[in-house]
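Hello,

Here is the structure you asked for. Please look through it, then read my notes below.

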Amino acid sequence: MFCNQCEQTAKGIGCDKMGVCGKKPDVAALQDLTVYALRGLALAALKKGDNSNNLGHFTAKMLFTTLTNVNFTPEDFQKFINEIVTRRKALDIHFQSGPGAFEPADTIEGLVAQGEGYSIKDFDTDEDIRSAKQLLIFGLKGLCAYADHAAVLHQQDTTVYHFVYKALAAGYDGEERDLSAWLGLCLKCGEVNLRTMELLDAGNTSTFGHPEPTEVPLGHVPGKAILVSGHDLQDLYLLLQQTEGKGINIYTHGEMLPCHAYPELKKFDHFYGHFGTAWQNQHKEFPEFPGAILFTTNCIQKPQEVYKDNVFTTGLVGWPGLTHIGQNKDFTPVIERALAQPGFTDTADNGSVLCGFGRNTVMSVADKVIDGVKSGAIRHFFLVGGCDGAKPGRNYYTDFVEQTPQDTVVLTLACGKFRFFDKKLGDIGGIPRLLDVGQCNDAYSAIQIAVALAGAFECDVNELPLSLVLSWYEQKAVVILLTLLSLGIKDIRLGPSLPAFVSPNILNVLVENYGIKPISTPEEDLKAILG
Ligand code: FSO
Ligand code: SF4
């Protein structure tokens, strides 16, 4: 196997024996084969001119299953690969060779052997082209994750799916591309992702309302309990409906925290609070949770024996042996498990955090913010966002936020915030100094805030007193970075380490054209930013 798609990749080079994430060589090969089969489907869809949302959403879902920490079940991939090929054949477009003519083996072992022939390591013999092709496919995985989230909420755009096909087909579509053409496709991926995230934002806000400032308790109350992890608002909504009046309290975990801010979700009385921190702490935190646990999307880790029977998956998530809640979204097994577990027997007050500072809320106080900047009360904004992860070096983000001066505001989003989400940073004239914009899925909201500020000050986003200090882990972060680059945003600081799949030459392009820099120390970076 060879996989280098996430930040925790082995030795900073690639996982070649076993994934640091727990991905085994068979699943790695099956995921590579899933991508290869999707290339064939994309070629056929393009040739046929199929622009149905049905096929587009299916393609997005299939690519989403290969994202880090989503699905680890070989049997699932066998099913996926066969369905991809069935759908390709249904288009009745025939190719003589290549992915468009791919025939899957009958057994999992056979599929694994086939997949070994399509490793990302062999994308190209030229290091830079290989790097650009990997950047494209990883960015595309992130885009497809967002496209799936948007589609679940009935927001789709055929131009997004058309790009997904084009990007998948690239390399097999007979077009010659040099390095700059491949990098152009990567930037296009970022651009199309902005549209995808706009769709997702529309899906979230039109279905559940605009997030509003909301205090979320970090403790617990007596009663049976279900913990919801992942990123999916719709799954949470359905679970809230199905648990109403059953004496079960619902808690969020990880990236589900911002859900407490949505009017249509917070209206449920039994939607209580938040439990635990970021995804990589689940081994430590889940044994302490006395109820059922539901994973709606990434990031799942190998469930430990002590809590394994409490864990359920739904959507595209899979782990061998866990009970999966299918498309009918009947959460009865989760509810029964929660009722059979002790639940919390005491009350714990662990304080609270404030969330819900999406674009609507922040823009509603835009006048105050602008006055604050003009009067000098607000000197600078930092967007400290992105993923959390297990590797050392991520304390940088905690220290950075703690050291930001009193006259600065920190916007944050995604699970990286758990490094500092409960810090009491105070406020500036009533505006909290720490503003939680939401999930990584809400990056569109953060971009809109920056664009609105630039509009108010009649300047370019790059001229705003705003600095981006980002942390990355998986492929959704990759595509958000591509989106920021496609918008021409410069001087982003990125950590905790740079992606293994970016070749030295491509890194040079990023540094020279966009001023991307690795994080150094909080002291040095703050000094450099604030001059
Ligand atoms: Fe985190 Fe995981 Fe949301 Fe990522 S939970 S690491 S960027 O999947 O998606 O922020
Ligand atoms: Fe390794 Fe990350 Fe790939 Fe898992 S997803 S195999 S940890 S590079």
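Helices (H or I, at least four residues) and strands (E, at least two) are DSSP runs, numbered from the N terminus. This is a predicted model, where local features need pLDDT of at least 70, side-chain atom pairs count only at pLDDT 80 or more, and totals for chains, interfaces and linings use all residues. Residues are numbered from 1 along each chain as written, chains are lettered from A and ligands numbered from 1 in the order written, and side-chain values use heavy atoms, without hydrogens or water.

**Largest pocket**

On a 1 Å grid over the protein atoms alone, a pocket is an open set of points with protein on both sides within 12 Å along at least five of seven lines; lining residues have an atom within 4 Å of a point. The lining of the largest pocket has 39 residues. Nearest its centre are Lys61, Gly315, Leu316, Gln327 and Lys329. At least two lining residues come from each of α2 (53-64), α3 (74-90), α5 (127-152), α8 (233-243), β6 (311-314) and β7 (323-325). The largest share is from α2, with seven residues. Why does the pocket lie between domain 1 (10-206) and domain 2 (214-340)? Both domains give residues to its lining, so it lies between them. The domain bounds come from an automatic or database domain assignment.

**Second largest pocket**

This one is lined by 22 residues. Arg39, Phe123, Lys133, Ala170 and Tyr172 lie nearest its centre. Two or more lining residues come from each of α1 (25-48) and α5. α1 gives the most, four residues.

Best wishes

Key. On a 1 Å grid over the protein atoms alone, a cavity is a set of points where a 1.4 Å probe fits but cannot get out, and a pocket is an open set with protein on both sides within 12 Å along at least five of seven lines; lining residues have an atom within 4 Å of a point.
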